[in-house]
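Below is a short briefing on one protein structure. Look through the sequence and the model before reading the points.

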Amino acid sequence: MRLLITGGAGFIGSAFVRLALQENWVGRLVNLDKLTYAGNLENLSSVENDPRYRFVQGDICDTAQVIALIEEEKPDAIVHFAAESHVDRSILGPAAFVETNVKGTFSMLEAARATRLARFLHVSTDEVYGSIDEPHDADEEYPLKASSPYSASKAGSDLLALSYYTTFKMAVTVTRASNNYGPFQFPEKLIPLMISNALEGKPLPIYGDGMQVRDWLFVDDHCRAIWAALTKGAAGQIYNVGGSRALPNRAVVEMILEAVGQPSSLMTTVADRPGHDRRYAITTEKLEKATGWKALVPFEQGLAETIQWYRDNTAWIARVRSGDYQAYYTKNYQSR
Ligand code: NAD
Ligand code: DAU
């Protein structure tokens with residue numbers, strides 16, 4: 001398999017690159033990434049000398065560059081990870097989300113159509129279903145009810161991707177995953193932010209009552225699901241990918257504090273996120289039945305591995321937290 005992926009210098013994309021090469025899923029893997037604040041080539045230092053791997057810096061919105069790359073590398077498939085991915089940033093500045101997530105996905109689909117590419121997997125999120133009231137869990141037919149500019153831009157890109165299957169008969173598949181966690185995650189999302197603050201004894205900002213529920217999925221389980229959907233899933237289909245481990249945020253943060261050896265008093269209630277979804281919950285039977293995939297990493301084990309990784313990589317944390325990160329942190333948290 002020759003694969004072109006986008007956004008492979010980010011958190012999930014880089015985990016996918018490392019796993020795809022380690023497991024010999026691919027004979028060739030080309031990674032197109034713009035290297036925004038979230039893209040970090042340090043995440044890929046373990047594979048940079050692998051002869052099967054090539055990094056290309058570029059913007060998914062540049063259709064001509066993508067077409068030229070497809071014509072040069074002749075991939076069998078595209079796995080499209082690249083996106084603006086953080087909800088709080090989409091509230092502070094939605095424009096980049098429309099640009100990258102909607103227009104960028106459109107550009108990738110057009111490049112694939114122009115080059116008659118055989119297979120396209122669009123990586124999406126369970127956030128497109130919006131907040132889900134108990135006792136329901138969303139299956140793939142559940143209505144879309146995006147709450148944030150991030151989730152709305154992902155819902156838009158999902159619909160565009162599926163329209164290329166219906167209209168142009170392109171072999172497009174969409175995956176919708178729940179909240180990922182694991183090593184190399186940028187410390188703006190809940191788990192890496194709380195671990196890195198706890199390790200430094202800084203306050204842990206809890207939005208509202210902290211009883212919002214998220215379903216946690218270890219990043220390697222997500223990558224294996226994407227590979228399963230690409231190789232065993234059907235075109236024109238959507239597959240949810242969940243960890244089947246729903247927990248309120250406070251419970252997750254308590255577990256982190258206990259593991260790090262810090263007191264609960266570090267938790268600080270701050271103003272809630274506007275439009276905050278209360279609960280995410282999805283079913284994953286469709287992917288399991290179609291491909292045999294199952295999430296393998298229990299949350300306690302994945303969290304322990306993740307905390308250990310952050311303990312062992314304080315220099316990585318310090319580097320990604322320097323520069324623009326401080327300005328973002330102040331903007332997002334100071335007025336709460
Ligand atoms: P991330 O923010 O860590 O990484 C995004 C990557 O995309 C970065 O390397 C960035 O440089 C690159 N990128 C951004 N704009 C680009 C552009 N215009 N051209 C080329 N590259 C660009 O994101 P992540 O958490 O790894 O998420 C990856 C994908 O998975 C996204 O599509 C996201 O919506 C989806 N997803 C994420 C989660 C999660 O919990 N993190 C869950 C479900 C789905
Ligand atoms: O469900 C999948 C989605 O999960 C992905 O599509 C997104 O890319 C990813 O960012 C994530 O979205 P969330 O908004 O659920 O993740 P986040 O880590 O930002 O927040 C998780 C929960 O923790 C949410 O209820 C908000 C809360 N939170 C978050 C931060 C950053 C806090 O209470 N305090 C914080 O400082």
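A pocket is an open set of points, on a 1 Å grid over the protein atoms alone, where a 1.4 Å probe fits and where protein lies on both sides within 12 Å along at least five of seven lines; lining residues have an atom within 4 Å of a point. This is a predicted model, in which local features need pLDDT of at least 70, side-chain atom pairs count only at pLDDT 80 or more, and totals for chains, interfaces and linings use all residues. Residues are numbered from 1 along each chain as its sequence is written. Helices (H or I, at least four residues) and strands (E, at least two) are DSSP runs, numbered from the N terminus.

**The largest pocket**

- The largest pocket holds about 190 Å³ of space, a volume being the space filled by probe spheres set on the points.
- Its lining consists of Tyr37, Glu84, Arg89, Leu92, Gly93, Ala96, Phe97, Ala327, Tyr328 and Lys331.
- Two or more lining residues come from each of α3 (87-92), α4 (95-114) and α12 (324-333).
- Helix α12 gives the largest share of this lining, three residues.

**The sheet**

- Seven strands form an open sheet with parallel pairing, in the order β3-β2-β1-β4-β5-β6-β10; two strands pair if DSSP finds at least two bridges between them.
- At the edges are β3 (53-57) and β10 (238-241), each of which pairs on one side only.
- Strands β1 (residues 2-6) and β2 (residues 28-33) run parallel and are joined by five bridges.
- Within this pair, Ile5 stands opposite Asn31 in β2.
- Strands of a sheet pair through backbone hydrogen bonds, either parallel or antiparallel.

**Helix α6**

- Eight of the ten residues of α6 (residues 190-199) are buried, meaning under 20% relative accessible area with a 1.4 Å probe and protein chains only (exposed is over 50%, partly exposed in between).
- Those buried are Ile191, Pro192, Leu193, Met194, Ile195, Ser196, Asn197 and Ala198.
- After α6 comes Gly201, with a positive phi near 70°.

**Val270**

- Where is Val270 found? Val270 is part of strand β12 (residues 267-270).
- Val270 counts as buried because its relative accessibility is 16%.
- Apart from neighbours within four places in sequence, Val270 is in contact (heavy atoms within 4.5 Å) with Pro205, Ile206, Tyr207, Gly208 and Arg336.
- From Val270 to Thr291 there are 21 residues in sequence and 42 Å in space, C-alpha to C-alpha.

Terms used:
Chains are lettered from A and ligands numbered from 1 in the order in which they are written. Side-chain values use heavy atoms; hydrogens and water are left out.
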